[in-house]
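Student: I am new to this structure and would like a close look at a single part of it, the place where open space is left between the atoms. Please take me through that part slowly, and then connect it to what lies around it.

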Amino acid sequence: MLHCGAANNILYSKFVSSGNESVTTTKDIIEYYGEDPETKVILAYIEGVKDGRRFIEVCGKVSPKKPIIALKGGQTKAGGKAAASHTGSMAGSNEIFEGVCKQLGVITTHDVSEMFYTGATFLNQPLPRGNKVAIITMGGGWGVLTADACEKMGLEVTRLTRKTIDR
């Protein structure tokens, strides 16, 4: 993540690794960054969640104020084994993790690049106020692909009014 930032001229206000989380946990860090005025977007690499209730409590409190972008390690069987040998973390079900994150407003990503660019996008964009989106594109095919992606992500594509289109 530091390399991605340097390569794209994006600076981090703070950067921390929670390691094997024997004392400080990802949930503690998310809670801290949620209150930190210098932090605009929170990126979190998570191998497993030890205290699900606290994770839900913290993310539910922070995500309405600041975007939380999560990358879960151990998404596959091989990755889960590697996580267990690396930190002793049980990676848990990726489907459950993604479902909980979706309910909490935590954006999940599937690789480092996606996490970085999603976070960078939120640096310059306000948090959406709902799930409705409008699509403006130079070509119809791109609009179709964007509409498909939006619906898969739970977004509602709205039709622009004739007045808006004319304007």
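This is a predicted model: local features need pLDDT of at least 70, side-chain atom pairs count only at pLDDT 80 or more; totals for chains, interfaces and linings use all residues.

**A close look at the largest pocket**

Tutor: The largest pocket has a lining of 30 residues, and those nearest its centre are I107, F122, P128, M153 and L155. The space in the largest pocket comes to about 1,100 Å³, and its lining divides by class into 12 nonpolar, 11 polar and 7 charged residues. As for how such a space is found at all, rolling a probe the size of a water molecule over the atoms shows where empty space is left.

By class, the lining of the second largest pocket has 19 nonpolar, 12 polar and 6 charged residues.

From the pockets we can turn to the rings. A pair of aromatic rings is described by the distance of the centres and the angle of the planes. The whole structure holds 4 aromatic pairs. In one of them, the ring centres of Y32 and Y33 are 5.7 Å apart and the planes stand at 55°, so this pair counts as tilted. Y32 is partly exposed, at a relative accessible area of 47%, whereas Y33 is buried, because its relative accessibility of 11% is under 20%. Another pair is made by F116 and Y117, whose rings are edge-to-face, with 5.1 Å from centre to centre and 80° between the planes. Here F116 is buried at a relative accessible area of 3%, while Y117 is partly exposed at 44%.

In the loop between α2 and β1 sits D36, which is buried, with a relative accessible area of 7%. Leaving aside residues up to four places away in sequence, D36 touches S13, K14 and K66.

Helix α3 (residues 52–62) shows how burial can be arranged along an element, for its buried residues are F55, V58, C59 and V62. Seen down the axis of α3, these buried residues fall within an arc of 90°, so they line one face of the helix. In general, an α-helix has 3.6 residues a turn, so residues three or four places apart point the same way. On the other side of α3, R53 and E57 are exposed, and the cover over the buried residues of α3 includes α2, β1, β2 (68–72) and α5.

Of its 167 residues, 31% count as buried. Among the contacts in the chain between residues at least 6 apart in sequence, 67% join residues at least 24 apart.

Terms used: Residues are numbered from 1 along each chain as its sequence is written. Side-chain values use heavy atoms; hydrogens and water are left out. Rings of Phe, Tyr and Trp (its six-membered ring) pair if their centres lie within 6.5 Å; planes under 30 degrees apart count as stacked, over 60 as edge-to-face and the rest as tilted. Buried means under 20% relative accessible area, exposed over 50%, partly exposed in between (1.4 Å probe, protein chains only). On a 1 Å grid over the protein atoms alone, a cavity is a set of points where a 1.4 Å probe fits but cannot get out, and a pocket is an open set with protein on both sides within 12 Å along at least five of seven lines; lining residues have an atom within 4 Å of a point. Grid points are joined across faces, edges and corners, and a volume is the space filled by probe spheres set on the points. Ala, Val, Leu, Ile, Met, Phe, Trp, Tyr, Cys and Pro count as nonpolar, Asp, Glu, Lys and Arg as charged, and the others, Gly among them, as polar. Helices (H or I, at least four residues) and strands (E, at least two) are DSSP runs, numbered from the N terminus. Contact means heavy atoms within 4.5 Å. The arc is that of the directions from the helix axis to the C-beta atoms.
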